[in-house]
Amino acid sequence: MGEAERGESAPRLRISFWCSNGHETQPSFASDAQVPDTWDCPRCGFPAGQDRDNPPDPPRTEPYKTHLAYVRERRSDADGEAISPKPSPSCAARSEQV
């Protein structure tokens, strides 16, 4: 098995990419393939670029927000009071039992 059975492999070229943590990765591409501007670093997952001195910035992650946090961003307390009816007597009775 090998090149005799599969034919000759395409000419390859190895391109270096660096992430903001200084990790270098060298994926190989077919010589006629279009090389991407960025590549995901296999060690840390940050984007890596071809410029060693100026790698891409790591993605900014937002903290997890609950549904209630998103609702509070869109509505004021007064809006919430106007929309949200008072609990029905049956609900109030159930919450007192707990």
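Helices (H or I, at least four residues) and strands (E, at least two) are DSSP runs, numbered from the N terminus. With that in hand, here's the quick tour: Thr 25 has its place in strand 3, and the protein as a whole holds four helices and six strands. What you're looking at is a predicted model, where local features need pLDDT of at least 70 and side-chain atom pairs count only at pLDDT 80 or more, while totals for chains, interfaces and linings use all residues. Residues are numbered from 1 along each chain as its sequence is written, and side-chain values use heavy atoms, with hydrogens and water left out.

**The overall picture**

- Starting at the N terminus, the elements line up as α-β-β-β-β-β-β-α-α-α.
- The protein's mean pLDDT (the predictor's confidence in each residue, from 0 to 100) is 85, and 85% of the residues score at least 70.
- Strand 2 has the highest confidence, at 97, while helix 4 (residues 89-97) has the lowest, with a mean of 69.
- Of the 98 residues in the protein, 15% are buried; buried means under 20% relative accessible area, exposed means over 50%, and partly exposed is in between (1.4 Å probe, protein chains only).
- The protein exposes about 8,500 Å², and carbon and sulfur atoms supply 48% of that; accessible areas come from the Shrake-Rupley method with a 1.4 Å probe, and for residues only the protein chains shown count as cover.
- Take the contacts (heavy atoms within 4.5 Å) with a separation of 6 or more: 27% of them join residues 24 or more positions apart.

- Four strands make an open sheet in the order 3-2-6-5, and the pairing is antiparallel.
- Strand 3 (24-25) and strand 5 (38-40) sit at the edges with a single partner strand each, so one side of each has no neighbour in the sheet.
- Two strands count as paired if DSSP finds at least two bridges between them.
- As background, strands of a sheet pair through backbone hydrogen bonds, either parallel or antiparallel.
- Strand 2 (residues 17-19) and strand 6 (residues 47-49) pair in the antiparallel sense over two bridges.
- Within that stretch, Cys 19 stands opposite Ala 48 in strand 6.

**The nonpolar core**

- A nonpolar core is a set of buried Ala, Val, Leu, Ile, Met, Phe, Trp, Tyr and Cys residues joined through side-chain atoms within 4.5 Å.
- The largest one here has six residues: Ile 15, Phe 17, Cys 19, Phe 29, Cys 41 and Ala 48.
- Phe 29 belongs to strand 4 and is buried, with a relative accessible area of 10%.
- Leaving out neighbours within four places in sequence, Phe 29 is in contact with a list of residues that includes Ile 15, Phe 17, Pro 36 and Trp 39.
- Phe 29 and Arg 14 are 15 residues apart in sequence, yet their C-alpha atoms are 6.3 Å apart in space.

**The cysteines**

- You'll find zero disulfides in the structure; a disulfide is a pair of cysteine sulfur atoms within 2.5 Å.
- Cys 19 is in no disulfide, and the nearest cysteine sulfur, that of Cys 44, is 3.7 Å away.
- The sulfur of Cys 44 has its closest cysteine sulfur in Cys 41, 3.7 Å away, which is too far for a bond.
- Cys 19 is buried, at 2% relative accessible area, whereas Cys 44 is partly exposed, at 28%.
- Cys 41 touches Cys 19, His 23 and Phe 46, not counting residues up to four places away in sequence.

- His 23 sits in the loop between strand 2 and strand 3 and counts as buried at 16% relative accessibility.
- Beyond residues up to four places away in sequence, His 23 touches Phe 17, Trp 18, Cys 41, Arg 43 and Cys 44.
- Thr 25 counts as buried at 13% relative accessibility; leaving aside neighbours within four places in sequence, Thr 25 is in contact with Ile 15, Ser 16, Phe 17, Trp 39 and Pro 42.
- Pro 36 lies in the loop between strand 4 (28-30) and strand 5 and is partly exposed, with a relative accessible area of 27%.
- Apart from neighbours within four places in sequence, Pro 36 is in contact with Phe 17, Phe 29 and Gln 50.
- Pro 36 and Gln 50 are 14 residues apart along the chain, and 9.4 Å separates their C-alpha atoms.
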